[in-house]
Amino acid sequence: MDNYIVSARKYRPSTFRSVVGQKSLTTTLKNAIATHKLAHAYLFCGPRGVGKTSCARIFAKTINCLNMSSEGEACNECESCKAFNEQRSYNIHELDAASNNSVDDIRALIEQVRIPPAIGKYKVFIIDEVHMLSSAAFNAFLKTLEEPPHHALFILATTEKHKVLPTILSRCQIYDFSRISIADMVEHLQYVASCEGVTAEAEALNVISQKADGGMRDALSIFDQVVSFTNGNITYQAVIDNLNVLDYEYYFRLTDTMLAGNVRGAILILNEILGKGFDGQNIITGLASHFRDLLVCKDEATLQLFEVGASIRERYREMGKRCPDPLLFKAIELANSCDLNYRVSRNKRLLLELTLIQLCQLSQTPKPAEQPAGGMIQPVAATGQPPQAPVSAQRTPVSSAPPANGGQVITTNMPVNAPLHEHVPVPPPPPPPPSDRPAARPPVTTSLRDLGKEKRPVEQQQPAQRVVQQHTPFDQALLTRQWDFFANALEKKVYLKNIMLNCKPVLKENYYFEVSVHNPGQQEELLNNSVDILSHLRLQLKNTGIQMQIRISESNEKKLAYTATEKYEHLLNVNPTLGRLREEFNLKLD
């Protein structure tokens with residue numbers, strides 16, 4: 001028991017070759033050592049447990065090795081390597097910046113920098129969690145970091161590079177360590193298991209690697225925990241029981257119920273999962289990842305993004321064949337929306353159940369509605385009247401002549417037959433003309449190729465209703481009277497009423513008028529209500545060609561306040577006796 005060492009320490013890399021998942025970085029460091037092109041400062045940054053501090057120690061040991069191998073590795077036999085392995089080397093100093101982040105700690109380190117190494121060529125200073133240094137400590141460290149002695153070399157390590165001062169970053173070579181892939185972690189865990197005499201299933205090690213989230217130290221710690229739980233026989237079921245991980249089986253069962261449209265079965269499975277103590281948000285995020293994996297495994301090009309065991313991979317392929325892409329797209333969207341709304345929901349279980357209901361309804365493809373498509377004629381209404389033309393066909397462009405005195409201009413593009421305002425009575429549509437024809441038949445959809453077979457006489461086809469164009473002349477007084485009439489009839493829209501009463505229309509040519517407003521807010525309010533305004537004016541003035549132009553007046557500029565001298569001169573012009581009063585009392589202007 002006293003000699004037990006955890007796997008994260010026992011199998012910590014001691015050579016560049018044993019570093020897992022950082023091959024490009026280790027190759028760069030080895031080539032720099034071989035070519036004697038060493039920088040005076042390095043910054044190792046990346047997530048936790050990916051080998052930053054381990055690579056710093058290996059690098060420090062290798063550059064001081066007296067008999068380095070041809071592969072760029074330390075020999076572990078010379079005096080420098082032995083001193084490092086026995087933790088008695090005076091050439092390598094480690095500082096934990098999380099607890100030694102003051103100016104005094106940095107000054108003590110700078111004093112040690114001046115002393116040359118006793119054995120080897122370099123004196124290496126490894127500062128871990130360097131982002132924890134205070135601003136004063138960073139500033140005290142700047143000069144030494146920029147121009148250290150030729151025998152000093154600094155290696156800074158951090159998990160939060162964005163917290164390091166830019167002046168520090170500019171003085172270092174930056175190495176970004178990436179997360180370790182699941183495949184590399186599984187391979188290393190299999191090596192550790194073989195060394196420890198532990199039997200482990202590949203699926204079990206895969207779950208451990210996913211739980212570690214890219215950190216090898218976390219993966220080895222979880223491995224030790226599961227080994228103690230299983231007594232050396234790691235199985236998939238034992239791992240998910242010990243780590244409280246939701247089994248893939250539940251996701252496959254939920255997918256089966258979704259494809260079958262079995263709402264009650266899905267709710268029962270959810271109740272079973274919640275009964276095992278799993279959090280609802282973990283369930284929905286896992287389900288979203290499950291749908292994503294089903295989508296990924298359907299194509300060989302994206303199969304490399306799917307990191308699971310071989311047996312589970314085959315099962316995902318079979319399930320993916322049963323799920324069409326549009327269904328998976330919508331399922332991922334629903335699961336993601338549920339995940340976003342989970343925190344703010346008061347009834348979280350109902351939100352999960354509602355999402356499952358929506359997922360089960362995805363497989364029930366509704367019958368497409370009969371809509372006109374290309375090459376099809378729209379069905380005739382039962383009243384025998386043809387359908388109305390789309391609104392876009394009834395819109396008329398507006399003349400956008402530039403204003404006479406400048407300013408920002410917005411022209412409206414309103415339909416000719418715009419709906420009237422609520423206070424304007426709308427005349428009822430005229431009754432259809434009497435006809436001796438029989439009642440219309442039910443709607444029929446006829447394709448173009450059938451037009452030759454079934455021809456209806458021309459007299460039975462009712463012509464489309466046409467808009468009566470009116471262009472009755474009117475003058476400025478009549479326009480202003482109807483403008484004020486519309487404004488005074490407004491009761492609920494007080495802001496619009498005040499704008500219309502203060503900003504009068506000015507009649508221009510071609511039946512369009514211009515309204516000059518004071519600010520963009522008034523301009524937007526008029527624009528939003530332009531349909532009702534134009535409908536009223538067109539109806540009352542009997543002119544369908546009326547258009548409105550809105551612009552912001554340039555005369556509404558900010559004027560400077562009057563000075564005391566200007567005020568005095570103005571008052572003096574009004575009352576000249578003010579000048580005698582000033583002279584008699586010897587008054588002065590401030």
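Analyst: What follows covers the core, then the cysteines, then the confidence scores. The model is a predicted one.

The largest nonpolar core has 87 residues, and within this core Phe44 and Phe59 touch the most other members. Leaving out residues up to four places away in sequence, the contacts of Phe44 include Leu29, Lys52, Cys55 and Ala56. Phe44 also touches Ile155, Leu156, Ala157 and Thr158, as well as Tyr175 and Phe177.

On the cysteines, the number of disulfides is zero. Cys81 has the sulfur of Cys78 as its nearest cysteine sulfur, at 3.4 Å; Cys81 is in no disulfide because a disulfide needs the two sulfur atoms within 2.5 Å. Cys81 has a relative accessibility of 0%, so this residue counts as buried. Cys360, with a relative accessible area of 1%, is buried as well.

As for confidence, the average pLDDT of the protein is 79, and 79% of the residues score at least 70. Over residues 367-408 the pLDDT stays under 50, and the model has 65 contacts beyond four places in sequence for this stretch. Residues 416-429 also stay under 50, with 31 contacts beyond four places in sequence. Where pLDDT is low, predicted coordinates should not be read in detail.

Note on methods
Residues numbered from 1 in each chain as written. Predicted model: local features only at pLDDT ≥ 70, side-chain atom pairs only at ≥ 80, totals over all residues. Heavy atoms only, no water. Buried < 20%, exposed > 50% of the residue type's maximum accessible area, 1.4 Å probe, protein only. Core = buried A, V, L, I, M, F, W, Y, C linked by side-chain atoms within 4.5 Å. Contact = heavy atoms within 4.5 Å. pLDDT = per-residue confidence, 0-100.
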